[in-house]
Amino acid sequence: MRFEPGRLVLHRDTHHGRLGFVHPSRVISDDERGLLLWLARGSVVAIETTTDGRGPRDMPSFVEWEAAEKKQTLTTWRGPGVLRFFPAGADHSVWLFRDDEGVFTRYYVNLEEHAVRWDDGPAAGIDVIDQDLDIVAAPDLQWEWKDEDEFSERLARPDLYWVPDEAAVWAEGFRVIKLIEAGEFPFDGTWTDFHPDPAWPTPTVLPDGWDRPVVARI
């Protein structure tokens, strides 16, 4: 299954069958390398919160977050637009962040179970499972780990956490670090000067079916 360039699809972060976030994103390309998406500033997004509007990092602990009653909250993506690349079959994605003037600032490697695609017609998208551990690389490719503490805290509660194999997550991270240090694609400057088509409309509503059941993994 491939998505046509220009189509609006839903990037959904999932865990335990729940939706962590839903981001409507424009397909830039979809080929043998992988799927490239654009999330525009001002887009409507859905995020999982507690019933009083708190997110996981507003809670005292992971245990309390998991125990809290939750809902989907509609809000707006207020930061600059972001390119997100999902390499074919890989257990990570690479996000290219920029500043308010559109200048590339950093690569953000999101370690996650590989994206599973779905297409219901009016709505289509990808479902991923975020594994929390991340890597941030500057334009000069100096890199550092991110969220190691959060990863460790959650691993200590296997009864609640959705990551079954810590070693596999670290291994994927080290594999990506080798690409970063070598300046290999997509860390070779590809897409750092990308600018979206100004004619693309910014999504202000989510399509019917945005909250369809999470795709089961085989």
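**The salt bridges and their surroundings**

Modeller: Let us begin with R33 and D31, whose side chains meet in a salt bridge with an N to O distance of 3.9 Å; the term stands for a side-chain nitrogen of Lys or Arg within 4 Å of a carboxyl oxygen of Asp or Glu. The model is a predicted one, in which local features need pLDDT of at least 70 and side-chain atom pairs count only at pLDDT 80 or more, while totals for chains, interfaces and linings use all residues. Residues are numbered from 1 along each chain as its sequence is written, and side-chain values use heavy atoms, with hydrogens and water left out.

Both partners of this pair are partly exposed, R33 because its relative accessibility is 37% and D31 because its value is 21% (buried means under 20% relative accessible area, exposed over 50%, and partly exposed in between, with a 1.4 Å probe and protein chains only).

In a search of the whole structure, 16 salt bridges are found. One of them joins the side chains of D30 and R117, at 2.6 Å from N to O. This pair links distant parts of the chain, since D30 belongs to strand β2 (residues 18–31) and R117 to strand β8 (residues 104–119), 87 residues apart; strands (E, at least two residues) and helices (H or I, at least four) are DSSP runs numbered from the N terminus. D30 counts as buried because its relative accessibility is 11%, whereas R117, at 27%, counts as partly exposed.

A further pair is R41 with D100, where the closest N and O atoms are 2.6 Å apart. R41 sits in the loop between β3 (34–39) and β4 (44–50), and D100 in the loop between β7 (92–98) and β8, so this bridge ties together parts that are 59 residues apart in sequence. The relative accessible area of R41 is 39%, which makes this residue partly exposed, while D100, at 56%, counts as exposed. There is also a network, in which salt bridges that share partners join R57, K146, D147 and E150.

Other charged residues lie together on the surface, where E144, E148, D149 and E153 gather in a patch of negative charge. Such patches are made of residues with over 30% relative accessible area and no salt bridge, like charges being joined within 9 Å and nonpolar side chains (Val, Leu, Ile, Met, Phe, Trp, Tyr) within 5 Å. Helix α2 (residues 148–155) contributes the most to this negative patch, with three residues. E144, for its part, is placed in strand β10 (residues 143–146), and E144 is exposed because its relative accessible area is 51%.

The backbone also deserves a careful look. Most residues other than glycine have a negative phi, and most peptide bonds are trans. H16 is not a glycine, yet H16 has a positive phi of about 50°, and this residue is in the loop between β1 (8–15) and β2. H16 counts as partly exposed because its relative accessibility is 45%. D132 likewise has a positive phi, near 75°, but lies in strand β9 (residues 124–137) and is buried, with a relative accessible area of 6%. Finally, the peptide bond from F185 to P186 is cis, with omega near 5°, and P186 is in the segment after α3.

Notes. Accessible areas come from the Shrake-Rupley method with a 1.4 Å probe; for residues, only the protein chains shown count as cover. Lys and Arg count as positive and Asp and Glu as negative; His and the chain ends are not counted. The place of a charge is taken as NZ of Lys, CZ of Arg, CG of Asp or CD of Glu.
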